[in-house]
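The report below describes a protein and DNA assembly, part by part. Please keep the sequence and the structure open while reading.

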There are 2 protein chains.
Amino acid sequence: MSVPRRLEVLRAIVEDYVHSREPVGSKALVERHQLGVSAATIRNDMAALEEEGLITAPHTSAGRIPTEHGYRYFVDQIDAVRPLSHAERRAIQQMLEGTDDLDEVLDRTVRLLAQLTNQVAVLQVPQFSDATVRHIELVGLGAGQVLTVLITNTGKVDQRVVVVPPETSDESLASLKSAFLAAASGQRLQALGEVAGAACEHLPQSLRAPGRILARALGSLGDNSMIDRIIMAGTANLARSTGDFPLTITPVLEALEEQVVLLRLFSEMEQDARGIAVQIGRENLYGGLAETSVVATGYGPGSSAKVGVLGPTRMDYPTSMAAVRAVARYLSRILAG
Amino acid sequence: MSVPRRLEVLRAIVEDYVHSREPVGSKALVERHQLGVSAATIRNDMAALEEEGLITAPHTSAGRIPTEHGYRYFVDQIDAVRPLSHAERRAIQQMLEGTDDLDEVLDRTVRLLAQLTNQVAVLQVPQFSDATVRHIELVGLGAGQVLTVLITNTGKVDQRVVVVPPETSDESLASLKSAFLAAASGQRLQALGEVAGAACEHLPQSLRAPGRILARALGSLGDNSMIDRIIMAGTANLARSTGDFPLTITPVLEALEEQVVLLRLFSEMEQDARGIAVQIGRENLYGGLAETSVVATGYGPGSSAKVGVLGPTRMDYPTSMAAVRAVARYLSRILAG
DNA sequence: CTTAGCACTTAGGCGTGTCGAGTGCTAAGC
DNA sequence: GCTTAGCACTCGACACGCCTAAGTGCTAAG
């Protein structure tokens, strides 16, 4: 009972099961794959694999399906990530063209990834935790309302309308703006609130009240600007692939609506030597996703942001891994360019 | 065979069916409702209602379920929109508190609406087609990159990074900014590209090249800023309520991912006298939504933007209508304040 | 170690029979 | 003229029993 063949059998079981969604038996296996041995031999191998907890039989006389450990073993074994087809490469190329808006690039990217893998694609927008303040703008809107705009060195812009004492003049705003700029320009976003607040103390008395209000607003803008955002596409694929299990899909959709869950999920994943992280079934901590797997990888500067796909444990891992990695590479390239 | 009672019967059938999801028979009807007549009489009424096409029987000996016409009749008949419960009012109140960021308010709103109705909540962000230019900011980022920021009188901010000839100085940018501001300030967003372009022609030769580039960017920013955006919550409710029809859910999820479809849907809906628009099943034009209904209404200035819920034709219309209307009112109040 | 053969297990498909809910119709009652 | 009770009829849902096909484990031989 040769060990290499046994792994070959596992591979074959995983592949067949992923495609057919039905337990695969020994006979079907020897027919579909050139294993060079008979069904009986395969049965012995299968018994051994079951002993090791890599496959299991739903009932006495059905074929075998991979367990989570089986998938894990299978995934760890893939070393040569399947190259993309021409059509896939072209699709990615096309995505590259004709957009300079970051949000649009990201949006197209997730859609593409969802389409390539037939899974739900999830993307975390780059979070720039080392972002600094490039510009601050205060625009009086009349009636004591001030539009506060914060621009970071990464090109991100956040704004908020703040209410200040109505007697605050446009000249006051201009003074405040230069004071804030002088104090905070180039500072890290995290420090913005504090720095701006401190700057107020050196101001003439009349400016302090509105200054403090605006400083606080700027601080929360800075924090806000660092909140991770998630974009997503392909939820319909979920329904399609889940097929006959509407029971399973509800908690997954719920999880997908909670960005917090997804962000935690991403942050927990650790990439392996191949630069890809795969989480299978219950390996993740969130109960609603007990039957789903996630394939993800980092992209962009420092690979800080994540992009990946999410689908049933019974997913096509090689394809997903290849697509995720390819998309992440293209994204990194775009962000760097 | 009194006509008022017949309508009462229709009402009872719709209500029971919405709650039980099962065809409702004459006997169950007289038990659950105080109709004051026997089951046999109800049967006669039912036969008449079926004749009129308001209800139908799935098979010979099951109860009746409302047809789309039946729902329509039922919906048109509701004149006193059910008032919200205390808990619901409080939930809405809480939403009001503690946020001044428009995006966050809208985000909370859809979540709330989804929760109140147990449906998918969809919200179109206000489109401000009469928005005007309040401020333009050009920030040099070095290496020929200029961050172009457009602020409208509605407080919306859009930005884009544009590449200009590297020799463009910060002073040039300042001149360009004042030129653009002078020409475009207070102008409608639609005209921005043209106006800014025209302004370039009066500039000194050296500024024209970068000026034209920036004018074009501003124009597309202006257009961009008017693109409708959709936010949504509660897709998990869809799976839950659809129960045993994973076949039905896929096209709906697909439609929900296509903002274009939703926008068209919203734009086609016409509010009735009560200020609410209801589209039932095939009344909408998109095939994938043949078995879903939409309850929507306008909000904000001129009721230009829409907010609503989407769910199976077999939905709780009174609750949905009440919730949608209440939420829209609160939203309008916030936007006005 | 591999293979063929065989007995054993069991899910799933299929036909049958029963049950119950619900209907339409008719005739009697108010 | 509307309402009601009674009754025969129609089907869907469910349970039961049967059979088949697929797949297994085991054993004995190559």
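## The surface near DNA strand D

In this predicted model, the element that gives the most to the surface near DNA strand D is α3(A), with five residues; helices here are DSSP runs of H or I with at least four residues, strands are runs of E with at least two, and both are numbered from the N terminus. A residue is called near a molecule or strand if its C-beta atom, placed from the backbone, lies within 6 Å of it. There are 25 residues around DNA strand D, and those that come nearest are Gly25(A), Ser26(A), Val37(B), Thr41(B) and Ser61(B). Two or more residues of this surface come from each of α2 (26-32) and α3 of chain A and α3 of chain B.

By residue type, the surface near DNA strand D holds ten nonpolar, eleven polar and four charged residues, where Ala, Val, Leu, Ile, Met, Phe, Trp, Tyr, Cys and Pro count as nonpolar, Asp, Glu, Lys and Arg as charged, and the others, Gly among them, as polar. Residues are numbered from 1 along each chain as its sequence is written, while chains are lettered from A and ligands numbered from 1 in the order in which they are written. Local features of the predicted model need pLDDT of at least 70 and side-chain atom pairs count only at pLDDT 80 or more, whereas totals for chains, interfaces and linings use all residues.

## The surface near DNA strand C

Around DNA strand C there are 24 residues, of which Val37(A), Thr41(A), Thr60(A), Ser61(A) and Gly25(B) come nearest. At least two residues of this surface are supplied by each of α3 (39-51) of chain A, α2 (26-32) of chain B and α3 (39-51) of chain B, and α3(B) gives the most, with four residues. The surface near DNA strand C is made up of ten nonpolar, eleven polar and three charged residues.

## How the two protein chains are related

The same surface serves both copies, since 96% of the contact residues of chain B recur in chain A; two residues are in contact if their C-beta atoms, placed from the backbone, lie within 7 Å.

The contact takes 28 residues from chain B and 27 residues from chain A. On the side of chain B that touches chain A, at least two residues come from each of β4 (133-142), β5 (145-152), β6 (157-163), α10 (235-242) and α11 (246-257) of chain B, and α11(B) gives the most, with six residues. This side of chain B divides into twelve nonpolar, seven polar and nine charged residues.

## The fold of chain A

Chain A has 13 helices and ten strands. Its radius of gyration, taken over C-alpha atoms, is 27 Å, whereas a compact globule of 337 residues would have one near 20 Å, by the rule of 2.2 Å times the number of residues to the power 0.38. Along the principal axes, the C-alpha atoms of chain A fill a box of roughly 90 × 35 × 30 Å.

Five strands of chain A form an open sheet with antiparallel pairing, in the order β7-β3-β10-β9-β8, where two strands pair if DSSP finds at least two bridges between them. Its edge strands, β7 (230-233) and β8 (277-279) of chain A, each pair on one side only. Within chain A, the antiparallel strands β9 (residues 292-299) and β10 (residues 305-312) are joined by eight bridges, and Thr292(A) has Pro312(A) as its bridge partner in β10(A). Helix α6 (residues 102-117) of chain A lies across β3 (120-124), β7 and β10 of chain A and runs at about 150° to β3(A); axes are lines fitted to C-alpha atoms, for helices over the stretch in contact, and angles run from 0 to 180 degrees between N-to-C directions.

## The sheet of chain B

In chain B, an open sheet of five strands has the order β7-β3-β10-β9-β8, with antiparallel pairing. Three bridges pair β8(B) with strand β9 (residues 292-299) of chain B in the antiparallel sense, and the bridge partner of Val278(B) in β9(B) is Val295(B).
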